[in-house]
Structures are given as C-alpha cells and as structure tokens.
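Student: I am new to this structure and would like a close look at one part, the nonpolar core. Could you walk me through that part and then show me what surrounds it?

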Amino acid sequence: MDTMRERFAVTVSRLLDDDPRLAVVLAEIGKDGFTDAARAHPDRVINVGIREQLLVGVGGGLALTGMRPILHTFASFLVERPFEQVKLDFGHQGVGGVLVSAAGSYDWPAGGYTHMAPGDVALLDTLDGWTVHVPGHPDEAEALLRDAAAAGDDSVYVRLSAHSNSTPRDIDPGHFLTVREGRGGVVIAVGPMLDSVLTAVEGLDVTVLYATTVRPFDARTLRATAGARAGAGAGAGAAVDVVLVEPYLAGTSTAAVNDALADRPHRVLGLGIPRRELRRYGTIDEHLAGQGLDPASLRARISGFLR
C-alpha cells in the first residue's frame, strides 16, 4: 500500500493537468513527488525553499489572483510556524486555499518535537470557516483531496499521516460513517484511529461513527445516532455517552459534541494526545501506547467511562 503523502503527490499532479486554476506551493519538503509536474507546469509548481511564512504568503497571493493554491509541508511548519500568515493572508483577505500537511502528531518521532503538531486542528479552530479533513487511508486521502481541490474558494485543511487504517471506507466528505451499531454509547473514531477503536470496543455494545471530516462537525449524524440509541431502549431522558478518539490534541472536538447535543443529557470523554510532552523518540506504535491510544489502553479508558 502506498502512503497518504505518495497518493497526495500523484493525485495533485493529475489534478494540475486537468485544472489550470490549480497551483502547488512547496517549501522544499515533498518536492521530489512533483518533479514531473514541475516540468509540465513550471509556472504552477512553486518551491519557495525552507521559508514557511513565504509558503503561506505566496499561496495567499495566488488566491487573490483567482488561483486555487495547494500548499504542502509538515503540519508544524504549515499551521503552527506561519499561523499569522494563515490568519491574515487567507482569513483576513477573504480568500481560500488548500493546506495539506504531513507528519501529524508524531509521524516522525526521530525528528523531535519540532516536527510534531498535535495542536494543529485546535489552532485552526480559532479561525472562521475552515473545513478540516482527516483521512485514515490513502484512498480516503485521494477522495478528500479531490473534494478539497474542487471546493470553489473555500479554505480546507487536509491532515495526512503515516499512521493509517488497514482498509479504506466508503466515506462521504462532510459526513460521519456508521461503522457498527450498539446501544451502550457512541464512540467517534477520527481518521487513522478507526482500526484501534474497533479492536478496543470488540464485544462492547456501542455504536462506532467514523469521522474523516471534523470541521464542519457532523452534528446531524451524531444527533440522529443519539436519538436512535434512545429509541433502542436507553430511554428518552437517559444520558447519551459519547467517547471521542482523535489523533491530535485530546478534547479538540468536545465542544462540538456538546453543541450538537446541547438539548439532550449527555457525557463526553475526549481522548487524544495529552498536553504533556512525551520526550521520547521511538516509533509511531510506541507513541500510541505512550499516549494511551493503543487498543488495550483505549479499551480500558472507554469501558471505564461507559460503566
């Protein structure tokens, strides 16, 4: 299986052939994947070097001319380091583009904390109008990238990761997918957390929703699921238990869950990357275990909450 980043380069290179409005802006990282595209479209594949603020500024300038820019580098360099440019050159100017990140929360532990960005989605939450996609498989990444490229002038963030589920799902951008149904609670698995969640809840009577778009938050599906659970025997006045498992900062979407269920009794447990820094290198799997996001840890935390 190819990686999400490899699929990104192939998919966007093809989109450049089909849509003259698209342009790719890189900051050295990922340039090898666009070698052929740069030869074919030298005016629409731009490498600014290791200058992340300039990366975002050039993207904003292209958007002001009517282009649809696609910007790519590691999440820590795409969202955190040039956040002022994201806020001003896109948000304040009223233009849109597609930010495509890599490295996620801890994809390259050997790179250290400078290459980790567990707070990226929470940071974008401070801005208005951003769509946020979190694919869990390269096939899903391709579908969401195509959707983002065609999204008019909207601002879209696509969070790619080396952490991936074993099989793709038939996703619908913007909507949660019901993977399994139960009566004892609702577990929302975001992107690459799905496989671990399904292993963790094996034998538990819970509904699992799969989220690959987290902004806008699919409140309608969550509300319908909560209503179906009440109709299945929990009782109309019973509290709905919701566990949210995100591959970034824990609790990033708990406010969205609370807003969706504001008129219903409910409890929410937000699982994800804690604020404490895990000062180790290791592997992705070791980081999952260290953060309590491996299947065994998830089962203990989810079952303990639901009891």
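Tutor: The largest nonpolar core has 43 residues, a nonpolar core being a set of buried Ala, Val, Leu, Ile, Met, Phe, Trp, Tyr and Cys residues joined through side-chain atoms within 4.5 Å. Buried here means under 20% relative accessible area, with exposed over 50% and partly exposed in between (1.4 Å probe, protein chains only). The residues with the most contacts inside this core are Leu71, Trp130, Tyr157, Ile188, Leu222, Val242 and Val257. Apart from it lies another core, of 26 residues, including Ile171, Leu194, Val245 and Leu288.

Before going further, a word on the source: this is a predicted model, in which local features need pLDDT of at least 70 and side-chain atom pairs count only at pLDDT 80 or more, while totals for chains, interfaces and linings use all residues. Residues are numbered from 1 along each chain as its sequence is written, and side-chain values use heavy atoms, with hydrogens and water left out.

Let's pick out Tyr157. Not counting residues up to four places away in sequence, Tyr157 is in contact (heavy atoms within 4.5 Å) with several residues, among them Ala75, Leu99, Val121, Trp130 and His133.

Now look at strand 6, residues 155-159, which pairs with strand 4, residues 98-102, in the parallel sense over four bridges. Strands are DSSP runs (E, at least two residues) and helices are runs of H or I with at least four residues, both numbered from the N terminus; two strands pair if DSSP finds at least two bridges between them. Within this pair, Val98 stands opposite Val156 of strand 6.

Stepping back, seven strands make an open sheet with mixed pairing, in the order 2-1-3-4-6-5-10. Strand 2 (45-47) and strand 10 (213-215) stand at its edges, each with a single partner strand, so one side of each has no neighbour in the sheet.

Ser196 counts as buried because its relative accessibility is 10%. Leaving aside neighbours within four places in sequence, Ser196 is in contact with Leu293, Pro295 and Leu298.

Finally, the whole chain: there are twelve helices and twelve strands in it, and buried residues make up 53% of its 307 residues. Among contacts between residues at least 6 apart in sequence, 73% join residues at least 24 apart. The C-alpha trace spans about 60 × 40 × 35 Å along its principal axes.
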